[in-house]
Amino acid sequence: RHPMAVSTVDELTSGRFEPVLRDREVSGDVRRIVFTTGKVYYDVKTARDQAKINVPLIRIEQFYPFPQSMIADVIASYPDAIDVVWLQEEPRNMGAWPFLHERLAAMLNENQTLRYVGRPIAAAPATGSHHRHEEQQRELVNAAIR
């Protein structure tokens with residue numbers, strides 16, 4: 001339902017499913033790569049574009065089978081990146097992080113670090129307060145790109 005979540009007619013008729021979506025808007029010197037999935041991508045993209053920060057946002061659209069070679073290609077395409085971030089809006093013990101963190105960490109070189117950005121461990125997937133949810137969303141989006 002997000003207005004930015006659209007496909008062209010050509011993508012629908014001639015395209016194909018892509019397990020990993022690269023960021024074609026960022027080039028040059030990159031010190032941080034942000035991997036994410038789902039609707040939080042649109043929030044972080046909006047914040048990144050408004051702040052004019054040179055951070056690629058890579059969407060993982062398929063977790064299994066794990067697209068290891070595609071992700072390795074993305075990481076290799078940014079040889080100066082030292083900070084690799086996994087961004088999710090779910091709590092740390094939910095969402096993709098429990099599945100992805102060991103797989104992503106194993107793909108990094110000795111100069112790179114993997115960082116989790118998202119909500120802390122929680123028993124429930126939501127705060128129960130719309131105001132608190134929006135506040136946390138802003139915080140995690142800013143933590144991912146700054």
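Guide: A residue is buried if its relative accessible area is under 20%, exposed if it is over 50% and partly exposed in between, the probe being 1.4 Å and only protein chains being counted. The model is predicted, so local features need pLDDT of at least 70 and side-chain atom pairs count only at pLDDT 80 or more, while totals for chains, interfaces and linings use all residues. Residues are numbered from 1 along each chain as its sequence is written, and side-chain values use heavy atoms, with hydrogens and water left out.

Visitor: What makes His-130 count as exposed?

Guide: The relative accessibility of His-130 is 61%, which is over the limit for that word, and therefore the residue counts as exposed. His-130 lies in helix α5, residues 130–145, where a helix is a DSSP run of H or I with at least four residues, a strand is a run of E with at least two, and both are numbered from the N terminus. Between the C-alpha atoms of His-130 and Trp-86 there are 24 Å, with 44 residues separating the two along the chain.

Visitor: Why is Gln-137 called buried?

Guide: Helix α5 also holds Gln-137, but the relative accessible area there is 6%, so Gln-137 falls under the limit for buried. Contact means heavy atoms within 4.5 Å, and on that basis Gln-137 is in contact with Val-40, Asp-43, Glu-89 and Arg-119, once its neighbours within four places in sequence are left aside.

Visitor: What makes Glu-18 and His-2 partly exposed?

Guide: Glu-18 has a relative accessible area of 26% and His-2 one of 31%, so each value lies between the two limits. Glu-18 sits in the loop between α1 and β1, where it touches Glu-61 and Met-70, residues up to four places away in sequence not being counted. From Glu-18 to Ala-126 there are 108 residues in sequence and 29 Å in space, C-alpha to C-alpha. His-2, for its part, is found in the segment before α1, and its C-alpha atom is 26 Å from that of Phe-99, which is 97 residues away along the chain.

Visitor: How do you know that the buried residues of α3 are on the same side of the helix?

Guide: The buried residues in α3 are Ile-71, Val-74 and Ile-75. They cover an arc of only 100 degrees around the axis, which puts them on the same side of α3; the arc is that of the directions from the helix axis to the C-beta atoms. Ser-69 and Ala-76 are exposed on the other side of α3, while the buried residues pack against β1, β2, β3 and α4.

Visitor: What makes the buried residues of α4 line one face?

Guide: In α4, Trp-97, Leu-100 and Leu-104 are buried. Seen down the helix axis, they fall within an arc of 75 degrees, so they line one face of α4. The elements that cover them include β3, α3, β4 and β5 (113–119). An α-helix has 3.6 residues a turn, so residues three or four places apart point the same way.

Visitor: Which residues touch the most other members of the largest nonpolar core, and why is it called a core?

Guide: A nonpolar core is a set of buried Ala, Val, Leu, Ile, Met, Phe, Trp, Tyr and Cys residues joined through side-chain atoms within 4.5 Å. Two or more residues come from each of β2 (32–36), β3 (57–60), α3 (68–76), β4 (83–91) and α4 (97–105). Another core, of 15 residues, lies apart from it and includes Val-34, Tyr-41, Ala-47 and Ala-144.

Visitor: What is the omega of the bond between Tyr-64 and Pro-65, and what is the phi of Lys-52?

Guide: Tyr-64 and Pro-65 are joined by a cis peptide bond, with omega about -5 degrees, and Pro-65 lies in the loop between β3 and α3. Lys-52 is not a glycine, yet it has a positive phi of about 55 degrees. The loop that holds Lys-52 runs between α2 and β3, and at 74% relative accessibility Lys-52 is over the limit for exposed, so it is given that word.
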